Amino acid sequence: MTASTAPSPDTAATRGDALLRVTNLTKHFPIRRGLLQRTVGAVQAVDGLNFEVAKGETLSLVGESGCGKTTTGRMLTRLIEPTDGLLEFEGRDVTHISMRQLRPLRRDVQMIFQDPYGSLNPRHTVGTIVGAPFKLQNIKTEKGIKRSVQDLLELVGLSPEHYNRYPHEFSGGQRQRIGIARSLALRPKLIVADEPVSALDVSIQAQVINLLEDLQNEFDLTYVVIAHDLSVVRHMSDRVAVMYLGKLVEVAGRDELYTRPMHPYTTALMSAVPVPDTSRRTKRERIRLTGDVPSPINPPPACRFNTRCWKAQEVCRTIEPPLVELAPGHQVACHFPENPDGPAAGPVLLDTPRTRDDDATA
Amino acid sequence: MGLPTTVFAYLVKRLISAVVLLFIITAVVFAIFFLLPRLGGASADDLASRYVGKSAGAAQIHETAVRLGFTDPIWVQYGRFAKGLVAGSDYYTGAGYDHCPAPCLGYSFITQNPVLPDLLDRLPVTMSLAAGAAFLWLLGGISTGVVSALKRGSFIDRAAMTTALAGVSLPIFFTGLLSLSIFSYGLGWTAPGGSYTPFQENPLMWAYDLLLPWITLAFLYAAAYARLTRAGMLETMNEDYIRTARAKGLREHDVVVRHGLRAALTPIVTIFGLDLGLLLGGAILTETTFSLPGIGQYAVQAVANNDLPKVLGVTILGALFIVIANLVVDLLYAVVDPRVRTA
Amino acid sequence: MSQPSKPTTEASVAAQPDTSETGDRAGRRRRKSAATVNALDGIGGLGAPAPDSFLSVRDLRVHFPTDDGLVKSVDGLSFDLSRGKTLGIVGESGSGKSVTSMAIMGLHKPGTVQMTGSIRLDGQELVGSSPEAVRLLRGKKMAMIFQDPLSAMHPFYTVGHQIVEAYRMHNDVSTSVAKKHAVEMLDRVGIPQASSRVDDYPHQFSGGMRQRAMIAMALSCSPDLLIADEPTTALDVTVQAQILDLVRDLQSEFNSAVIIITHDLGVVAELSDDIMVMYAGRAVEYAAAEEVFERPKHPYTWGLLSSMPRLDRARIDRLRPIPGAPPSLINVPSGCPFHPRCAYADRTGGLSQSQRPPLEEKAPGHYAACHLTPEQRTAIWETDIKPTL
């Protein structure tokens, strides 16, 4: 398996260790109406994101439906082209590069999809599916493609004998493993995983999460995980970026975010997660948001969360809060952040002492 | 429900595009009848020879070609044709000018009369045929389809689907002649064909004359509609909202008709509109088989007589019906599916 | 539900009601025979229904004959539910939880399913009674809400029409009275401007609003039993919280019995009084909610708890998944169906491989189907499982 490309020499030096950097990344889908198909508006799916992904880390994008996390993921892999902004991979501007220039990028950046049923061609054998990247990129492997594919199948916990089987012969969890094997074929540097476990049963979820962690350690992979499940996100991520209606509202390290959420939306999200503990039913102080997420066609002015926020004041409706660093490595876009002076005192999230975090490494 | 502005805008939009479409169709039809022969090497005189009969001499033919305007540039010819559609035009018949009032679909030099009145004479026959058959095939096709879907895999289902397969496979002149020989000539139950009594004169005779053509034509279409309905019902009866309807405790009949069939019928509305539009342009095979004096028969005779203006007239009328049917289907869709109306 | 019960075997389940009989008379006869069986004790490990039990399911079996074999989707299930109480049924896909709810509602297509055992709703036997009799209970005495409210509502009818349809089916009132009731119900479930939104179509509602409308429809005839099948799975987490609150509030208002079916242990913890964990068509654990979360007794429940990342605990470095995948329902493993995936099955001296463990009362009111001895169970829970959660 020799499918590694030489990294351009200048990147590491000039860009620090950021593998991926997005600046003002924006995607507006035009809405066309009428006889002449005039553009009458735009779905502001993603609006001005700034973040970096360091080599070897896992960054999660988390948010509810319509927050733009999936669109962001598709832009990162250049499945769709950004409307505006800059997308740099290893220091190279890949925002608008052509299909032909994309080829090497496709090798370095791979995607895992949510639906293990829809993303595998039912007429192709597992061998064909997992081997397709080699053929598409015209790569000859040392041991031949079949052997390489079988190695990949073993790597993700499937049997090499599954080579000639079809996707419908597998369970959901196994299908997701096939998708992971395919994404690993070309030894990518970055994997964008869009809801990788949300379609799986609880007991299978854990298997796939562990597999992704093992592969990350073994191949020094960088992950961008797109998910809505805050518990899964906490488990998998090093850093977490919370999105709401196309904007980043909070970016922080995992432990920092989960012990000291500063954006009211983040607090509300965490408070809404049902936990498997009956004693919390009475004890827990809940924050209940009213209504649904507004439409991204006409997002609320200034702070987009102001229509559902219990802290909103006039300034929230007139001036958009910038995403600023309020604590080391902790960026928040809010005029009235929660927990400004340190971790949450109340039992909103964790009632176990935080020190156990360090003890639990066994 | 009312009529919100979105529906009005939708209506206007569809109307405008229908007019544009009609204009394009006339241009294409004109090109087929007048431009293509010229491109194919036929001279203006060759075209004119079709209008004067075989005995005419070369000079007479050329004179006719000039008189009919075949020597003019092609856009002038189309302009004249289009003007006729909108304002009417006068045709020189040799003995004098004959006026063809707007909308002039053409003027036959062989029978020396405008085409449109002929078509209007025959339209009631074709309409009666189409309407009666449509009623029968909707009734037969949809009910067969529903029963087949509900009794999927049963004897009834298999028998119905085999019959339906025969229906779509057998040509109409076969089923038509077969039923004529059995029911009309053999048993004497139905009219022997060739006669048509207008509805306003004697409704019973009207139905008597048309019964066999109706059934024959309906059989063909009912077969297709049964298959469509069955497929649609099988799909919708598996939808979540059917389970909801049952969970509410509705009677099975209401679940099937009000919830299942209602949704399954939507695609059928589309196809029905287009089928009906197509039929109104002339049910050529059925009218020929049963010798009904409808538009289809008229077209066949015009082709046999090489009477180009008549063929052109029928073609444009047929196109008009299809465009109208399309329009009606689009509007009907907005009525049937609220998601179209309010999106 | 707290009666002690003797160990039971498959053989004691005699006298299956004859499903070919229909009609009220047959139903009455069957009720008597069911009572006889209950007196003989121990169908599926539970005793006779508790006197306050509103819904009693005993030894329910729902089998589907297919070309590949008999799919035993539900295979010997028993539980009780009282008015005003909530039962959470937890399980993975294929565990039989949805099939159970459809069986209670009588929504399985006749002819495609073999259903035996007993479902008694307010004293009335549902298994084997006429489809018409069960239909009249649906929507009136028992109602159901579904996972995806968009596909569960008819796209061509207004929300109001669909509620009116449900209400008028069981109440002899005029359309205008029914519509007034629909507006009241929509208002009650928290839909703003209910009197105008009642004429909207489902696609004009947001996801959360649609689920509220579904709840309004289900509750329009004040049913005594509400079954919610994955009611929040298709919703965002902030909206899910609203819907769970709503269900809780409405339950205390209507004093209905609620069954909530979900794969999410967090959701059942929020709502349930009792929890039943299902695996391969059977109940493996059945107890009060606190018991299931504080002192779970079945290795499958342990596995579920260990494999999920939890927000309410310190982050652990590595999840502990249950190995393997759920079994085929055609060839259910011998003995305990969980034994191929169970880390402790080899400690039962071969019992797990050969004998199906009955659902037994392992502690007062706490039932589990497992061959481990109490000592083994306590030791494993205290040392292996509890500290790592």
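Contact here means heavy atoms within 4.5 Å. With that in hand, let me start with two of the chains. The model is a predicted one, and that applies to everything I say today.

By that rule, 46 residues of chain A are in contact with 51 residues of chain C. The size of an interface is often given as the accessible area lost when the parts come together. For chain C and chain A, the buried area is about 4400 Å², and 51% of it is on carbon and sulfur atoms. On the chain C side, the residues that lose the most area to chain A are C:L311, C:D312 and C:R315, which together make up 20% of what that side buries.

Now the polar side of this interface. There are 18 residue pairs in polar contact across it, both residues at pLDDT 80 or more. Which parts of chain C supply the side that touches chain A? At least two residues each come from α8 (207–218), α9 (237–254), α10 (265–271), α11 (289–294) and α12 (299–307) of chain C. The largest share, 8 residues, belongs to α9(C). Sorted by class, the side of chain C that touches chain A holds 25 nonpolar, 12 polar and 14 charged residues.

Next, the charged pairs. Side chains of opposite charge can pair when their charged atoms come close. Over all chains the count is 49 salt bridges, and 4 salt bridges are found across the interface of chain C and chain A. In one salt bridge, C:D245 meets A:R288 at 2.4 Å, N to O. In another, the closest N and O atoms of C:R313 and A:D277 are 3.8 Å apart. Why does this pair join two chains? Because C:R313 sits in the loop between α12 and α13 (351–354) of chain C, while A:D277 sits in the loop between α10 (264–272) and α11 (280–283) of chain A.

On to aromatic rings. Over all chains there are 15 aromatic pairs. One of them is B:F23 with B:Y78, an edge-to-face pair with 6.5 Å centre to centre and 75° between the planes. B:F23 is in helix α1 (residues 5–39) of chain B and B:Y78 in helix α4 (residues 74–87) of chain B, 55 residues apart, so to speak a link between distant parts of the chain.Last, the record for chain B. An unreviewed UniProt entry places the feature "transmembrane region" at several stretches of chain B, among them residues 162–185 and 311–336. Residues 162–185 of chain B are 92% helix and 0% strand, with the end C-alpha atoms 28 Å apart. Residues 311–336 of chain B are 100% helix and 0% strand, and there the end C-alpha atoms lie 37 Å apart.

Note on methods
Residues are numbered from 1 along each chain as its sequence is written. Chains are lettered from A and ligands numbered from 1 in the order in which they are written. This is a predicted model: local features need pLDDT of at least 70, side-chain atom pairs count only at pLDDT 80 or more; totals for chains, interfaces and linings use all residues. Side-chain values use heavy atoms; hydrogens and water are left out. UniProt positions are given in the numbering used here, feature names are shortened, and annotations may be inferred rather than shown by experiment. Helices (H or I, at least four residues) and strands (E, at least two) are DSSP runs, numbered from the N terminus. Buried area is the accessible area (1.4 Å probe) that two parts lose on being put together, summed over both. A salt bridge is a side-chain nitrogen of Lys or Arg within 4 Å of a carboxyl oxygen of Asp or Glu. A polar contact is a pair of N or O atoms within 3.5 Å; within protein, one must be able to donate a hydrogen and the other to accept it, and residues adjacent in sequence count only if both atoms are side-chain atoms. Ala, Val, Leu, Ile, Met, Phe, Trp, Tyr, Cys and Pro count as nonpolar, Asp, Glu, Lys and Arg as charged, and the others, Gly among them, as polar. Rings of Phe, Tyr and Trp (its six-membered ring) pair if their centres lie within 6.5 Å; planes under 30 degrees apart count as stacked, over 60 as edge-to-face and the rest as tilted.
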